[in-house]
Amino acid sequence: MQARNTEKIRGEKVERENRRYRNLRVWLGAVELAEAVYGMTKWWPREKRSGLAGQMQKAALGIPSNIAQGYGRGGDVEFCRFLRIARGSLFELEAQLIVVERLGYSGKEELNPMIEKVFGLMSGVLRKLEAA
């Protein structure tokens, strides 16, 4: 894969110099997911917030952060690498939600659809970039 001046992501031709990661649907979905995780965990008792909630917040924040960082590297190879790192954080968050459910806390039902959405968007961007 080589860096190009233009590319197509999800059928949209975009100039690399003018493209902003903040316009990517995958990044927007990841930010919404991070907001939801922070919103869900901020009401947990202090003893829950210091351990599991902190880990969940870090994983959730890592998703849009890695998308932005990979995008900022400027090339498709680096962007794909950081998208895969973001995908790892997404799986980490999903695993933590399974633990949350087993411990009897709420949240998995509301976050699972968001996780699936971000995973689908991320997979689509990876496929497009890897096919180029």
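Predicted model: local features only at pLDDT ≥ 70, side-chain atom pairs only at ≥ 80, totals over all residues.
Residues are numbered from 1 along each chain as its sequence is written, and side-chain values use heavy atoms, with hydrogens and water left out. Local features need pLDDT of at least 70 and side-chain atom pairs count only at pLDDT 80 or more, whereas totals for chains, interfaces and linings use all residues.

**View A. A salt bridge joins Lys117 and Glu32.** The structure holds four salt bridges (a salt bridge is a side-chain nitrogen of Lys or Arg within 4 Å of a carboxyl oxygen of Asp or Glu). In the pair shown here, the N to O distance is 3.8 Å. Lys117 belongs to helix α4 (residues 108–131) and Glu32 to helix α1 (residues 25–41), so that distant parts of the chain, 85 residues apart, are linked (helices are DSSP runs of H or I, at least four residues, numbered from the N terminus). Lys117 is partly exposed at 45% relative accessibility, and Glu32 is partly exposed at 39% (buried means under 20% relative accessible area, exposed over 50%, partly exposed in between, with a 1.4 Å probe and protein chains only).

View B. Arg81 is partly exposed at 41% relative accessibility, as is Glu78 with a relative accessible area of 27%.

**View C. Arg73, Glu78 and Arg81 are linked in a network of salt bridges.** The side chains of Arg73 and Glu78 meet at 3.6 Å, N to O. Arg73 is partly exposed, with 45% relative accessibility.

Definitions and conventions. Helix = DSSP H or I, 4+ residues; strand = E, 2+ residues; numbered from the N terminus.
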